[in-house]
4 protein chains.
Amino acid sequence: MEDANQMTVHKSEATRKSENRAQALVLAAYNCIAEKGFEGLRLREIAEQVGINHATLHHYFPTKEALIQAVVLYATQRLAQTVGASEGAPAEQLRAHFKLIRQQMQEEPSLFIVLTEVGMRAQRDPAIRAIASQQAERWHAFFVKILKAGIEQGDWSADLDAEAAASTIVAVIQSITLINTKLSSVRMEQALQQLERWLVG
Amino acid sequence: MEDANQMTVHKSEATRKSENRAQALVLAAYNCIAEKGFEGLRLREIAEQVGINHATLHHYFPTKEALIQAVVLYATQRLAQTVGASEGAPAEQLRAHFKLIRQQMQEEPSLFIVLTEVGMRAQRDPAIRAIASQQAERWHAFFVKILKAGIEQGDWSADLDAEAAASTIVAVIQSITLINTKLSSVRMEQALQQLERWLVG
Amino acid sequence: MEDANQMTVHKSEATRKSENRAQALVLAAYNCIAEKGFEGLRLREIAEQVGINHATLHHYFPTKEALIQAVVLYATQRLAQTVGASEGAPAEQLRAHFKLIRQQMQEEPSLFIVLTEVGMRAQRDPAIRAIASQQAERWHAFFVKILKAGIEQGDWSADLDAEAAASTIVAVIQSITLINTKLSSVRMEQALQQLERWLVG
Amino acid sequence: MEDANQMTVHKSEATRKSENRAQALVLAAYNCIAEKGFEGLRLREIAEQVGINHATLHHYFPTKEALIQAVVLYATQRLAQTVGASEGAPAEQLRAHFKLIRQQMQEEPSLFIVLTEVGMRAQRDPAIRAIASQQAERWHAFFVKILKAGIEQGDWSADLDAEAAASTIVAVIQSITLINTKLSSVRMEQALQQLERWLVG
DNA sequence: CATGAATGAGAGTTCATTCAT
DNA sequence: GATGAATGAACTCTCATTCAT
């Protein structure tokens with residue numbers, strides 16, 4: 001521990017600056033993807049936003065792919081922060097979680113846009129799939145755990161298939177930002193509420 | 001008259017050949033998008049697959065955008081064919097419809113992949129949004145109609161919000177192909193089944 | 001003669017239509033060049049303006065070059081119509097001619113624009129040079145004839161170099177439409193008037 | 001400090017090399033335009049002449065238009081160098097200036113060819129017009145100044161309209177290279193001499 | 001004569017990546 | 001680490017021309 005700390009402290013000046021810059025690049029790329037999708041991601045633009053030369057970017061991320069993977073990791077981890085913190089009875093947890101997600105969707109819809117982009121890309125890119133599906137599994141497991149606990153405590157009927165219900169929840173949330181017209185965002189809100197009603201009355 | 005007719009026939013042969021070509025191009029582009037996404041769509045490749053010079057492609061579709069729009073129209077219309085043909089009692093219709101979609105998903109998952117790509121692109125491209133959202137609305141309306149009929153006939157509780165439930169259904173279906181790992185496709189299957197259970201017991 | 005006439009008469013229905021169309025194409029090309037220069041001349045556009053298919057254009061003019069040469073001939077001949085019709089005393093003729101040119105420049109500046117384009121192209125294209133320089137010579141000769149007649153009649157000093165003065169006149173007229181800003185068009189008007197003053201007081 | 005200076009020197013070496021490249025590209029484009037006009041300007045060819053990849057050209061000039069504007073600036077500035085350096089009495093200045101221009105025309109007729117191309121293009125391209133007309137104005141003003149000074153000193157009659165005469169001079173010079181046949185170049189020489197005779201006897 | 005279809009050559013432009021400094 | 005310069009591969013799109021019908 002001490003060693004690790006010392007090392008961290010020791011390297012901090014150079015390393016932290018480097019990490020900050022890497023993080024700044026990831027953030028800029030993240031925003032760019034939210035706005036224009038992977039299709040619109042340009043390394044020169046990202047570098048410019050962070051205020052460095054585009055060639056310098058390659059010191060932090062050797063290839064475009066490497067930067068993208070960092071963005072994928074960042075996005076999935078941000079979602080993970082939303083997950084897992086809730087407490088209380090299972091039904092209560094679920095309600096709280098839905099609330100958190102609805103908040104997040106309103107405050108920062110870009111996260112869900114990026115996650116959808118990531119999902120599409122994961123279909124084609126195994127490296128990204130590895131990162132994304134791991135996170136999806138974790139999320140799914142989170143819901144399963146709550147649902148099972150709820151079934152045990154009688155919150156839900158023993159007939160409820162926890163695995164299936166968790167899948168549905170994840171599916172709905174994942175599709176939530178797919179279509180972004182005002183009309184559709186109303187639709188998506190309705191969908192989430194309906195899910196809640198089915199599950200937690 | 002006969003001559004004129006013959007000419008007409010003659011023309012229609014040429015026209016049909018031309019339309020076939022255009023359709024072949026749309027199909028090739030459709031498959032390409034299913035495989036690699038919009039990001040991986042290359043006009044030269046499409047032309048090559050159809051067996052024509054890439055310049056000839058511009059004879060049928062003046063710009064890449066025009067070709068893409070044709071693909072979007074084709075994909076949404078293919079989905080539309082699945083919708084609407086069902087008969088019987090509302091709950092039965094819904095069940096039949098879910099079955100059709102599950103079949104389609106297994107027989108031709110590419111359709112749903114393309115539709116998701118279209119959904120993403122619709123966020124940024126108004127022309128595509130116009131095509132896609134129109135179709136989404138039609139689909140949503142289709143479910144609302146069934147659900148309302150079912151509520152009237154007592155298939156579902158009067159408490160069920162038809163609009164919201166329809167939104168949920170569309171959301172789940174739309175997200176169904178987002179993650180395509182074998183594991184996840186099991187998940188999506190589960191999600192659809194869960195939906196069915198909630199709705200039609 | 002009779003034969004020629006008969007042939008002309010005989011062919012007139014088909015031939016005249018054909019010639020009309022060829023003429024229409026030349027006119028359309030002429031206007032296009034006046035607007036956008038040779039650089040902006042597109043066969044498809046010309047054909048469309050005349051209302052025929054672009055492939056059909058090649059029945060009238062086998063190549064783009066052939067059409068351009070026809071335009072060059074047309075433009076130089078239009079200028080020739082302005083030249084040569086004047087009558088009266090030499091100084092009077094010159095004055096009248098300047099007046100005509102000033103009129104033409106105001107009524108149809110495009111002619112002079114096209115002629116300048118032709119002049120530039122003649123530098124590079126021998127076929128065009130042959131057409132254009134022949135006309136320029138004719139024009140120059142026209143001024144020389146007037147000036148010499150005027151010198152004989154005492155309108156101008158015997159010191160006046162008719163050849164040189166004619167060259168100056170042609171040069172000024174040719175440059176007249178080169179720069180087209182409002183300011184410049186004032187300048188060009190001044191230049192013509194100054195020439196007149198020098199020559200005819 | 002020395003280090004910093006060295007760095008500055010170092011940088012200037014790189015900068016100078018870069019500027020040389022840019023200048024070389026402008027020169028190559030200039031020559032190309034002189035030979036084939038704007039119509040015949042091909043970026044790949046220019047890059048090849050300078051010995052770089054055509055993509056590298058875009059490092060120096062982001063678009064073709066930018067390169068063209070640089071050529072326009074270069075050509076007008078070269079002409080400007082001829083203008084303005086003369087000394088002595090007005091009539092003498094004018095004579096000297098005509099001599100300079102005649103020299104320049106013989107030594108490097110391409111400058112005048114390019115300037116004419118620029119003039120044509122200025123009609124359609126506002127950005128080029130801004131550059132070119134500014135230079136034309138400067139040139140015109142130069143002649144006006146000389147002529148007015150000459151009128152004051154009695155070199156020319158007070159009747160001479162300095163503005164108009166200056167316009168004529170500019171017009172003649174501008175048209176000088178329009179037609180380039182040997183015959184015509186004799187004509188242009190004559191035109192310039194006639195102008196001189198009218199003005200400075 | 002007229003046309004839609006097809007083509008080849010080539011245009012300007014983009015962009016991730018590499019490399020010497 | 002940082003940078004400007006350079007590159008190659010690929011992109012979409014244009015256009016005069018040809019040809020079968």
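User: With helices (H or I, at least four residues) and strands (E, at least two) taken as DSSP runs numbered from the N terminus, in which helix of chain B is H58(B) found?

Analyst: Happy to start there: this is a predicted model, in which local features need pLDDT of at least 70, side-chain atom pairs count only at pLDDT 80 or more, and totals for chains, interfaces and linings use all residues. Residues are numbered from 1 along each chain as its sequence is written, while chains are lettered from A and ligands numbered from 1 in the order in which they are written. The C-alpha atoms of H58(B) and A47(B) are 9.6 Å apart, although eleven residues separate the two in sequence. The element that holds H58(B) is helix α3.

User: Is H58(B) buried, partly exposed or exposed?

Analyst: We count other C-beta atoms, placed from the backbone, within 10 Å of a residue's own: 20 or more means buried, 12 or fewer means exposed, and anything in between means partly exposed. Because H58(B) has 15 C-beta neighbours inside 10 Å, its class is partly exposed.

User: Which residues come closest to DNA strand F?

Analyst: A residue is near a strand if its C-beta atom, placed from the backbone, lies within 6 Å of it, and 30 residues surround DNA strand F. Elements that give two or more residues to this surface include α3 (54-60) of chain A and α1 (2-36) of chain D. The closest residues are A55(A), R42(B), S18(D), N53(D) and A55(D).

User: Which residues of chain A does UniProt annotate as "DNA-binding region"?

Analyst: UniProt positions are given in the numbering used here, with shortened feature names, and annotations may be inferred rather than shown by experiment. The unreviewed entry also places "domain: HTH tetR-type" at residues 19-79 of chain A, a span that is 80% helix and 0% strand. For the "DNA-binding region", the record gives residues 42-61.

User: How far apart are the end C-alpha atoms of residues 42-61 of chain A?

Analyst: This span is 75% helix and 0% strand. Chain A as a whole has nine helices and zero strands. The end C-alpha atoms of residues 42-61 lie apart by 14 Å.

User: How many nonpolar residues are on the side of domain 1 of chain A that touches domain 2 of chain A?

Analyst: An automatic or database assignment sets the domain bounds, giving domain 1 (2-62) and domain 2 (69-200) in chain A. With contact meaning C-beta atoms, placed from the backbone, within 7 Å, nine residues of domain 1 and nine residues of domain 2 take part. On the domain 1 side there are two polar residues and no charged ones, and the nonpolar residues number seven.

User: Why is V72(A) classed as buried?

Analyst: V72(A) sits in helix α4 (residues 64-82) of chain A. Beyond four places in sequence, V72(A) touches V118(A), I128(A), I131(A) and A132(A). V72(A) is buried because the other C-beta atoms within 10 Å number 27.

User: For I131(D), which residues are in contact, leaving aside neighbours within four places in sequence?

Analyst: I131(D) lies in helix α7 (residues 126-152) of chain D. I131(D) is partly exposed because 19 other C-beta atoms lie within 10 Å. Its contacts are Q69(D), V72(D), L73(D) and T76(D).

User: Which residues touch the most other members of the largest nonpolar core?

Analyst: A nonpolar core is a set of buried Ala, Val, Leu, Ile, Met, Phe, Trp, Tyr and Cys residues joined through C-beta atoms within 7 Å. The largest has 91 residues, and apart from it lies another core of 89 residues, among them I33(C) and V172(D). L25(B), for one, is in contact with residues including I46(B), V50(B) and L57(B). The residues touching the most other members are L25(A), A29(A), L25(B) and A29(B).

Conventions: Contact = placed C-beta atoms within 7 Å. Nonpolar A, V, L, I, M, F, W, Y, C, P; charged D, E, K, R; others polar.
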